[in-house]
Amino acid sequence: MITVAVIGGGAAGMMAALEAASRGAAVSVFERQNRVGRKLAVTGNGRCNLSNLHAAPDFYHGTDRAFAGPALRQYGPEDTLAYFRSLGLVTTVQEDGRVYPLSDTAGSVVDVLRFAMEAAGVRVYDSCEISRVEKTNDGFRVTWQEGSLKSDRVIIACGGMAGERFGGTKLGYRLLEGLGHHCTPLRWSLVQLRCDNPGCRSLKGIRADAGVAVLCGGKVLAASAGEVQFTDYGLSGPAIFEVSRAALESPETVISLDLLRAVNEEELTSMLLRRARNTPQLALGDVFLGTVQNRIGRVLVAAAGLKSSASIGELNEKTAGRLARLAKQFEFPVTGDLGAPNAQVTVGGIKTSEFHPETLESRICPGLYACGEVLDVDGDCGGFNLQWAWSSGRLAGKSAAEV
Ligand SMILES: Cc1cc2nc3c(=O)[nH]c(=O)nc-3n(C[C@H](O)[C@H](O)[C@H](O)COP(=O)(O)OP(=O)(O)OC[C@H]3O[C@@H](n4cnc5c(N)ncnc54)[C@H](O)[C@@H]3O)c2cc1C
């Protein structure tokens, strides 16, 4: 019987363990935290956006975008849903393709995997951090503080460095480097952005619907739309997460917010002038009344170099045009991100050119496999990262169990 040691009891590791065990391997899972699936249990704000029906290589990034293809084709989203249903998890699909457990609880995804591992006889070592993996003459030796274990095959499923509070670590990169692999430069994606605009602090706590564009040297690098949250350090919210990867690609990017998507700049200029004409008793700070939230309106007035306390009657074609442009293109130069504790995904990882995409076996060290976020593959927001963890986990588990 082939023995397989899976290092990391996260999404990819649990899936790899189940697949290998279903093919007759004797599987051990090593998890450094006190229980498996800790990060999985907090995904999707506790709801777990576990897949996306549109998952295909186009939604993934990394040095070689096509690398994820074979795993996603073999074990795609439909297959993942069928697999989870076979484990007793019922899912629901949103219009945009995002998949959630019907229970709306990430814990139920962890539970079905945990119980399935138990039923399949997978041996789980909790609170067991693997410090070394060595290649031996007849396989591998996996070492932790209190002991070591021999194994025919090893799967590294240690995840990336994002989400530090829930187990994000660089240990997986180090273990693979120890076996001859190489890591690309690392940074974050799906993360809150630090921005240089005094407006952020004044708007702290406000959530707004906005169009979001990432600009660099006059070019649009990425765009999204939806909820944006203003915070004391900068910008957060789903629409910001979606473009954060592009916003951090270069040091000179700017986030441009369209705070009134439903109205174009010309129309808005006319609306502001009409407001000034029809309600001359108002202060200039109230000129956006009925269009954007009051606090946002006042911040736009200040950003245009105008006084909120001035009479609205002072508004003319030129100043109304300036205000309308600001509301449609309110710019926030990006200065950084909130990094390890808060980011959801790592950009970069162990070089995929060093692995066979059809099996996820190392080209450098036969018998060694890797899956999930530890590899240089990251997906867009919307369930794509967990889908990669499931697809790559199953492929690694299947390959490692092959006689
Ligand atoms: C807050 C948050 C919310 C997210 N929400 C979503 C979402 O809704 N949808 C989505 O698609 N993606 C989401 N993600 C991303 C997704 O969770 C990850 O991409 C995915 O969990 C990666 O799976 P993995 O198995 O590779 O790594 P992980 O799930 O991080 O698992 C790796 C495991 O390995 C363990 N480990 C590491 N080193 C060792 C070692 N040396 N010895 C033993 N154990 C070790 C870690 O403790 C960890 O449990 C979210 C991430 C975060 C942080």
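**View 1. The ligand's shell, sorted by residue class.** The residues around the ligand (each with a heavy atom within 4 Å of it) divide into 14 nonpolar, 15 polar and five charged. Here Ala, Val, Leu, Ile, Met, Phe, Trp, Tyr, Cys and Pro count as nonpolar, Asp, Glu, Lys and Arg as charged, and the others, Gly among them, as polar. Of these 34 residues, A12, E31, N49, E373 and L386 come nearest. Please keep in mind that this is a predicted model, where local features need pLDDT of at least 70, side-chain atom pairs count only at pLDDT 80 or more, and totals for chains, interfaces and linings use all residues. Residues are numbered from 1 along each chain as its sequence is written, and side-chain values use heavy atoms, leaving out hydrogens and water.

View 2. A polar side-chain atom of E31 sits 2.6 Å from a ligand oxygen atom. For Q33, the distance from a side-chain N or O atom to an oxygen atom of the ligand is 3.1 Å. G44 brings a polar backbone atom to 2.9 Å from a ligand oxygen atom. All such pairs are N or O atoms within 3.5 Å.

View 3. Five strands run in the order 7-2-1-11-20, with parallel pairing (at least two DSSP bridges between two strands). Strands are DSSP runs (E, at least two residues), numbered from the N terminus. At the edges lie strand 7 (123–125) and strand 20 (368–370), each pairing on one side only. Strand 11 (residues 153–156) and strand 20 share three parallel bridges, and L368 in strand 20 is the bridge partner of V154.

How values were computed: A polar contact is a pair of N or O atoms within 3.5 Å; within protein, one must be able to donate a hydrogen and the other to accept it, and residues adjacent in sequence count only if both atoms are side-chain atoms. Helices (H or I, at least four residues) and strands (E, at least two) are DSSP runs, numbered from the N terminus.
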